[in-house]
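Keep it short and organised by topic.

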Amino acid sequence: MTVRAPRPLARLLPGLALLCAALTAQAAAPAYPDAANSDPVKLGWMVGSPPPADKQIRFADGSYFRFPQLRWTVSHFRELMPTVGVSRGVGAPGKLQYALRNDIDALTFTPTGASQPMTWQDSLAANYTDGIVVLHKGRVVYERYFGSLTPTGQHGAMSVTKSFVGTLAALLAAEGKLDPARKVADYVPELAKSGFGDATVRQLMDMTTGIRFSENYADPNAEVWQHANAGNPLPKPAGYQGPQSYYEFLPTIHGEGKHGEAFGYRTANTDALGWVIARASGKSVPQLMSEKIWQKLGAEQDAYMTVDSTGTAFAGGGLNTGLRDLARFGEMLRNNGTYNGQQIVPAAAVADIRKGGDKAAFAKAGYSQLPGWSYRNMWWVSHNPHGAFMARGVHGQALYIDPTAQMVIARYASYPVASNKAIDPTSLPAYHALALHLMGKR
């Protein structure tokens with residue numbers, strides 16, 4: 001069964017999974033094949049030299065984000081679109097310690113809004129999980145791969161990318177190289193006349209800017225489509241006169257409302273923050289990520305980011321990594337920025353993330369399944385008794401860090417619906433149940 005996304009999908013920029021998938025989610029939800037029947041290996045996508053015509057997946061025609069083709073694409077972005085590397089360097093990878101457990105699959109929890117329990121193992125299929133790694137006290141206690149993802153493969157992180165970019169900004173702030181209190185225009189004069197210009201960098205980092213940027217994918221005139229068209233690396237259609245890149249698009253965003261009053265999840269904020277980071281550091285986001293984080297983590301694999309026609313990385317959602325390396329990143333933050341024998345992110349930056357942001361501003365956004373949460377440095381902070389915080393991306397990408405349980409969960413997935421609202425009921429309760437289990441409280 002192939003579920004076709006609306007026609008505008010074919011015009012989207014590479015790796016802009018947030019946009020592609022959210023559009024699909026806006027449509028009436030069809031009956032999707034389950035995880036077993038949508039397995040990309042089972043369906044034989046892109047197998048052969050060349051693959052049969054009915055098994056080919058392309059970026060240009062939009063098939064790369066139709067379902068179930070999506071389940072192949074998320075592990076193969078680099079084969080379809082231009083990218084830039086995030087180098088792991090030339091050193092030996094940091095060795096992970098293993099203490100695998102056989103009691104996790106049978107763990108039960110009750111999904112949000114449900115009356116009947118579900119097992120951990122069943123939740124993985126329900127969430128179309130492609131891969132999941134659980135660390136407890138720094139050791140791998142659980143690891144599974146499904147579909148196209150393998151231990152040596154890479155997967156789209158989607159909007160988990162935002163949390164990496166936010167971490168870089170917090171790192172630069174802790175080092176005194178970026179002042180969150182300064183105006184965005186102080187770092188990027190090109191944005192002075194835009195809606196971002198008089199916002200502070202802090203408001204950008206916490207997504208409390210007052211900008212006109214609709215992510216209503218059903219509206220063809222929404223700014224989200226202008227963003228998409230500008231970032232698309234393919235040749236523009238005849239007659240197109242709009243921005244040709246991210247840097248050309250961002251100055252066109254207008255102000256709307258007051259900065260600092262309410263949280264508003266808008267991908268353009270992260271792209272603007274990426275520009276600020278590049279100006280403050282003198283290095284691109286991929287370069288800075290490699291030097292400040294990826295090489296120091298002792299990552300097993302290079303990561304990569306999708307780019308626009310000028311080679312600018314998509315800060316809002318273009319990162320692709322190996323699953324174990326995503327887990328390493330989470331473990332570093334759980335340990336207050338220390339990992340692989342060194343302080344990678346200043347402890348002050350991690351503390352700033354973990355304390356969270358303005359709960360009242362966050363509540364105005366109406367996330368009914370995240371009561372009492374906040375947003376800080378592009379991280380979602382639960383403020384639950386365990387102090388859990390997480391990075392989140394469409395279609396089920398997640399990095400969940402529970403400091404009290406000394407637990408990190410890194411998950412990649414290809415859920416057919418974009419919104420986390422669809423996947424949270426069988427994810428967030430499972431994560432907390434596992435935390436309690438690992439602590440011996442269940």
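## The four-stranded sheet

An open sheet of 4 strands runs in the order S1-S8-S9-S7, and its pairing is antiparallel. Strand S1 (83–86) and strand S7 (155–156) are the edge strands, each pairing on one side only. Strands here are DSSP E runs of at least two residues, helices are H or I runs of at least four, and both are numbered from the N terminus. Two strands pair if DSSP finds at least two bridges between them.

S1 pairs with strand S8 (residues 303–306) in the antiparallel sense, over 4 bridges. Gly85 has Tyr304 of S8 as its bridge partner.

## Basis of the model

This is a predicted model, in which local features need pLDDT of at least 70 and side-chain atom pairs count only at pLDDT 80 or more, while totals for chains, interfaces and linings use all residues. Residues are numbered from 1 along each chain as its sequence is written, and side-chain values use heavy atoms, with hydrogens and water left out.

## The eight-stranded sheet

A further open sheet has 8 strands in the order S2-S6-S5-S16-S15-S14-S13-S12, with mixed pairing. Its edge strands are strand S2 (97–98) and strand S12 (374–376). S2 and S6 pair in the parallel sense over 2 bridges. Gln97 stands opposite Arg139 in S6.

S5 and S6 run antiparallel and are joined by 6 bridges. Here Val134 stands opposite Tyr142 in S6. The two strands form a hairpin with 2 residues between them, and Lys137 in the turn has a positive phi of about 55°. Strand S13 (residues 379–381) and strand S14 (residues 389–393) also pair in the antiparallel sense, over 2 bridges. Trp380 has Met390 of S14 as its bridge partner.

## Helices on the sheet

Helix H12 packs on this sheet. H12 touches S2, strand S5 (129–136), strand S6 (139–145), S13, S14, S15 and strand S16 (407–413). Its direction makes about 150° with that of S16. H5 lies across S12, S13, S14 and strand S15 (397–402), running at about 130° to S14. Contact means heavy atoms within 4.5 Å. Axes are lines fitted to C-alpha atoms, for helices over the stretch in contact, and angles run from 0 to 180 degrees between N-to-C directions.

## H11 against H12

The axes of helix H11 (residues 285–297) and helix H12 (residues 323–334) come within 10 Å and cross at roughly 105°. H11 is therefore roughly perpendicular to H12 (a term for angles of 65 to 115 degrees).

H11 contributes Ile293, Trp294 and Leu297 to the contact, and H12 contributes Asp325, Arg328, Phe329 and Met332. These residues divide into 5 nonpolar, no polar and 2 charged. Ala, Val, Leu, Ile, Met, Phe, Trp, Tyr, Cys and Pro count as nonpolar, Asp, Glu, Lys and Arg as charged, and the others, Gly among them, as polar.

## Nonpolar cores

The largest nonpolar core has 107 residues, and Trp120 and Phe196 have the most contacts inside it. Helix H5 (residues 160–174) supplies the largest share, 8 residues. A second, separate core of 22 residues includes Phe59, Leu70, Phe77 and Ala418. Such a core is a set of buried Ala, Val, Leu, Ile, Met, Phe, Trp, Tyr and Cys residues joined through side-chain atoms within 4.5 Å. Buried means under 20% relative accessible area, exposed over 50%, and partly exposed in between (1.4 Å probe, protein chains only).

Leaving aside neighbours within four places in sequence, Phe196 contacts Val184, Leu191, Leu204, Ile211, Leu250, Ile253, Ala268, Asn269 and Ala272.

Thr208 lies in the loop between helix H7 (201–205) and helix H8 (223–231). Thr208 counts as buried because its relative accessibility is 10%. Not counting residues up to four places away in sequence, Thr208 touches Gln203, Lys258, His259, Gly260, Glu261, Ala262 and Phe263.

Two cis peptide bonds deserve a look. The bond from Ser49 to Pro50 is cis, with omega near 5°. The bond from Phe67 to Pro68 is cis as well, with omega near 15°. Pro50 is in the loop between helix H2 (40–43) and helix H3 (70–73), and Pro68 lies in the loop between H2 and H3.

Positive phi values come next. Tyr128 is not a glycine, yet its phi is about 55°. Tyr128 lies in the loop between helix H4 (120–126) and S5, and is buried at 9% relative accessibility. His395, also a residue other than glycine, has phi near 65°. His395 sits in the loop between S14 and S15, and is buried with a relative accessible area of 1%.

Key
Parallel < 35°, antiparallel > 145°, perpendicular 65-115°, else oblique.
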